[in-house]
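Visitor: I have a new model open on my screen. Please show me how to read its features, step by step.

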Amino acid sequence: MIVNADLHIHSRFSGAVSQKMTLPVLSKEAAKKGVHIVGTGDCLHPTWLKEIKEMQKVDEGTFELNKTRFILTAEVEDAMRVHHLLFFPSLCSVEEFIKKIKDKTNLAVDGRPKLSMNGEQIAECAKDVNAMIGPSHAFTPWTAMYAYHDSLESCYGEMVDYVSFAELGLSADSDYADRIKELKPLTFLTNSDAHCLHPDTNIYTGDGRMIPIKDISSLDVLSIDFNNGLKCRKTKSVKVHKLPAPEMLLEISTRRNTIKVTGNHRFFVMENEDIIEKFASELKRGDLIVSLRVIPLKGASKHLNLRLRRHYKISMKGLKVLKNKRKENGFLQKDIANALSITEDSVSLMENDKIKIKEDFLKKMCCIYKLNYEEFKDKHITGIEPNIRLPTKTSKELCQVLGYLLGDGGLEKGRKSTGFSFTDKNKKLLRLYRDLVYRLFNVHGRISKSKTKNSYRIRYYPAFLNVIHQIGGNNLFIKSRERKVPGIIFDLSNEEIASFLRGLYDAEGTVGDHSVELCSSSLDIVKEVQFLLLRLDIRACVYKNLLEKNKKKYRHKVSIYGRDSITKFYDIIGFNSEVKNKKVEKMLLNFHEKCKDSFIDHLPLRETVKKVNDALNIKISHLPSIYGYHINNSRDSFKRRHIVRYLNLIRNLNGGNVEKTSHLIKKLETYAYSDVILEKIVNIKWVNSNCEFVYDYTVPEFENYIAEGIIVHNSPYPLRLAREFNRFEIEEANFENIKNAILRKKGKIILNVGLPPQEGKYNESACIKCYRHYTMREAVMKKWRCICGGIIKKGVKDRVEELSDYPVPEHPEYRPKYLCLIPLSEIIAKALNTTPLTKTVFAEWSNLIKKFGNEVNVLVDASMDEIKENTNEKITGAVQAFRDNKVIIHPGGGGKYGRIELPDDKTTWKQPKSGGQKSLFDF
């Protein structure tokens, strides 16, 4: 029988691999690709091995699911970073191998474990359990045998004769490999090795913080439960995937948020009054993207463990008690000095009331003299410096002071020490905060007129600065543009967060004609304020880099628009300034339906409302005029409050009987009371990625997380499965026959199918930063450094040239043909002038797979007339161009895949004259 096999894939437990890489998905997708046998990959990972055992067992080393066969495979990395591919004959063999390597790695960390062993040691373990071994992607310049060794023997030592195969990898084919003499005895395999957000993208975490995705490991995140009311939930995550960044990213902007992503990252979009998924590359201006409306976390007050070095003034009677107790216990002054690690003179000065005694010194002395410290302090302490009251837990008043400090606080450097101050033009407001600080800390502040500015100032001394640092960290007093909200704020109660924001708005807030605004030179503060406002169900927009003309500085602004959000701001936060509060009150009095809140919290549910009206015989005249206005004027968007009001109205109009429309009512309720908001994309454009890596997050339960306030999907789809595979002629699809065919004992490999080597991402030598290509001579002359400063990575083509024994390939008689196969999704994408990971491409791909059974049949075996009948002329022409070897390939290099291009004269299908690439079954 003839079978196609892809023997090297990875599960979702390997780094940078889609979470869709599950056994059910792999089994179904393999059939669509025309592959009959798939390697399990990662069978050494304990959780993945448990899932493998649940499949139907064909024999000891073969399993089946959805009519796709699986054999036990894994990839491991040795101490030199070389990757090795392993095929196991049985579960017992896998478990024996695990016992041999368990002390060399942690198998639960990654599906591709890193072993503290060399290639020879790994091959010995493989031989002991009758497993097959060979180098993975042998020519890849990062983690391959020929990246670190010049020969098989160098890698495998005395076990070199046990190695039975070599995997070619994406950037090489048999023409490359058969120029190297030592590889002639080996069987060549071709497999797919089947395997996002800008690093500064802020992720909303389950403990109420926002953290750049590059700084996150596994922790709780906020997600949306799309199956239960579109509610925001706290959920477990697995890990962050780190991938090389492409040249360009999509920058997607709404009125509130901006996010940078790769084109294949998925978003949730409202279309035809339902939420669907779209790839970023499919989005366009005007699309309604699903974002976060509110963060339903409560938080709680925190206990504070503040410390302060105090000095005590002791009465003469108390000093006499200490001196007498020292003598009674037979201690000299030098004995006490040694115990306190100070000089003898210092002890003398303390006993003679020349200097004050430190708090910790007094505690130690009382312990040495066997005195009760608390009793002595109550009787004999006459003065404390500094006499600062230390709060034991956070409070609304404390948070308000921290907010005001963040906005208007600054360091005051004196000759000998550094304190801090508040500065404000509003003297009355300064008095309020001076009194607040006194009530909290028992610290007096004196208001004085600033000499250089038209403002007033309260100064505080250095000891108090130390206390503030302990509470709020160092973010309060650094340069304005580098400041951040103190970390302690984020998981406090909502009441304390509101007080913190009140203090910050007192310092930096203003009231405009139709908005409440806060300006700062720190973009972090502006984004963090927007985030904290969501805790209070208040929406705000961020505007970056606005020129403040009077100061000739660029600043950032967060603005609160809309009646609902401004009302909540006034009720929950507000100002301590009477003037600002009166402006807000006046604004609220003037609010009406045409106020500038049209882009905030709208729900496009016109058709659903019409269906409810028709089903319940509700005439528009029965409803307030605003509903008639929306329906009759074809306005599809209602404000959320209108939908809530409508739900109450129809129940009253129908006496609560809404059974006939229960599914429609549920839909309206879901959106009206959800934790999400629909926002129009106001701008979308491709921008330079300006980063080395991009990141993705895995959230198994809900498969989404919140990035920059926008709901994003957490994984791409596994389209690269079976992009390379092997065709076997064997008696039965199982491990034993695969093994015999690789060893050339019985059965054989009749064809290697893979990408053209030029399309591999390391085919030519190129810079890993800017992807500029170099010849070998140019790279050597530049000492492998690009003109941009990046490293030039040696390409597979140049590495083969170094290792080759023959000027042209010399294929042994048993070597099968190598068929170059470009994935069908890429060909369709090129024909339609789009990217492979779009729904349009997926729809065309699915249609062809449904008709012809699998991808291989479409690309090589089906007649062109049949293809023409089942798809459009552009796609038909692209498939014909592939068969005629007319597809133009621009080689990859430096970590960037090569790209294909269609010839200008093949954009529509034409009857071929003759020749072209042979059918798969011609080999």
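Guide: Start with cysteines. A disulfide is a pair of cysteine sulfur atoms within 2.5 Å. By that rule this predicted model has zero disulfides.

Visitor: What does "buried" stand for here?

Guide: Buried means under 20% relative accessible area, and exposed means over 50%. Partly exposed lies in between. In this chain of 923 residues, 55% count as buried. The chain exposes about 41,600 Å², and carbon and sulfur atoms supply 47% of that area.

Visitor: And the fold elements? How many helices and strands are there?

Guide: The protein chain has 31 helices and 43 strands.

Visitor: Now charges. How do I read a salt bridge?

Guide: Side chains of opposite charge can pair when their charged atoms come close. The cut-off is a Lys or Arg side-chain nitrogen within 4 Å of an Asp or Glu carboxyl oxygen. A search of the whole structure finds 42 salt bridges.

Visitor: Give me one. Which residue pairs with Glu75?

Guide: Arg112 does, with the closest N and O atoms 2.9 Å apart. Glu75 sits in strand β5 (residues 68-77), and Arg112 sits in the loop between α3 (91-101) and α4, so the bridge ties together parts 37 residues apart in sequence.

Visitor: Are those two partners buried or exposed?

Guide: Glu75 is buried at 1% relative accessibility. Arg112 is buried at 13%.

Visitor: What about the Arg209 bridge?

Guide: Arg209 pairs with Asp207, with 2.7 Å between the closest N and O atoms. Arg209 is partly exposed at 32% relative accessibility. Asp207 is partly exposed at 35%.

Visitor: And Lys284?

Guide: Lys284 bridges to Asp287, with the closest N and O atoms 3.2 Å apart. Lys284 is partly exposed at 46% relative accessible area, whereas Asp287 is buried at 8%. Bridges can also share partners: Asp150, Lys794, Arg799 and Glu802 join into one network this way.

Visitor: Where do like charges gather?

Guide: A patch takes residues with over 30% relative accessible area and no salt bridge, and joins like charges within 9 Å. Here, Glu124, Glu153, Glu158 and Asp161 form a patch of negative charge on the surface. Glu124 belongs to helix α4 (residues 119-128). Glu124 is partly exposed, at 37% relative accessible area.

Technical notes:
Residues are numbered from 1 along each chain as its sequence is written. This is a predicted model: local features need pLDDT of at least 70, side-chain atom pairs count only at pLDDT 80 or more; totals for chains, interfaces and linings use all residues. Side-chain values use heavy atoms; hydrogens and water are left out. Patches are made of residues with over 30% relative accessible area and no salt bridge: like charges are joined within 9 Å, nonpolar side chains (Val, Leu, Ile, Met, Phe, Trp, Tyr) within 5 Å. Accessible areas come from the Shrake-Rupley method with a 1.4 Å probe; for residues, only the protein chains shown count as cover. Lys and Arg count as positive and Asp and Glu as negative; His and the chain ends are not counted. The place of a charge is taken as NZ of Lys, CZ of Arg, CG of Asp or CD of Glu. Helices (H or I, at least four residues) and strands (E, at least two) are DSSP runs, numbered from the N terminus. Buried means under 20% relative accessible area, exposed over 50%, partly exposed in between (1.4 Å probe, protein chains only).
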